[in-house]
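Please keep the sequence and the model in view while reading.

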Amino acid sequence: MPPSNSDSEAPLTEVAVRQWGPWTVAGGPDPGFSDSERHTHHWLLTDPQLLTCFRGRFSDHGDVDYDEMVRCLDYVWDCPHDASANVTGYCCAVCGRTRAAAVPHLSVAASR
Ligand SMILES: [Zn+2]
């Protein structure tokens with residue numbers, strides 16, 4: 001390993017940081033969810049108390065960023081077919097699948 005001659009060259013840049021796309025509601029309502037669920041998720045995504053809410057539910061969880069948080073809370077789902085991020089309760093904005101159609105295992109887990 002050659003010595004680094006720059007302090008700004010942090011090894012962190014080598015870590016694969018997953019880039020999340022911005023979430024969207026452009027896919028339209030998912031019939032698998034009620035209007036109230038849909039509106040709640042959408043509203044909670046911009047809730048200034050989101051972090052507090054997250055800490056309350058996942059107190060063991062370490063530092064998280066916003067994108068990881070909203071996925072842990074199940075407010076956003078990622079379509080595995082096109083990697084678009086959609087608000088839970090809305091269909092995929094790219095392919096139009098419902099969440100149940102795109103990620104069946106998620107729906108099973110959620111109905112426990
Ligand atoms: Zn999709």
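Which pattern does the protein follow when read along the sequence? The pattern is α-α-α-β-β-α-α, and the secondary structure comes to five helices and two strands, where helices (H or I, at least four residues) and strands (E, at least two) are DSSP runs numbered from the N terminus. This is a predicted model, in which local features need pLDDT of at least 70 and side-chain atom pairs count only at pLDDT 80 or more, while totals for chains, interfaces and linings use all residues. Residues are numbered from 1 along each chain as its sequence is written.

**Burial and contacts overall**
- Of the 112 residues, 20% count as buried, a term that requires 20 or more other C-beta atoms within 10 Å of the residue's own, with C-beta atoms placed from the backbone.
- Among contacts (C-beta atoms, placed from the backbone, within 7 Å) with a separation of 6 or more, 52% are between residues 24 or more positions apart.

**Tryptophan 23**
- Tryptophan 23, which lies in the segment before helix H1 (35-45), counts as buried because it has 23 C-beta neighbours inside 10 Å.
- Leaving aside neighbours within four places in sequence, tryptophan 23 is in contact with Leu45, Val76, Ala85, Asn86 and Val87.

- Not counting residues up to four places away in sequence, tryptophan 77 touches Asn86, Thr88, Arg99, Val103 and Leu106.

Note on methods:
A residue is buried if 20 or more other C-beta atoms lie within 10 Å of its own, exposed if 12 or fewer, and partly exposed in between; C-beta atoms are placed from the backbone. Two residues are in contact if their C-beta atoms, placed from the backbone, lie within 7 Å.
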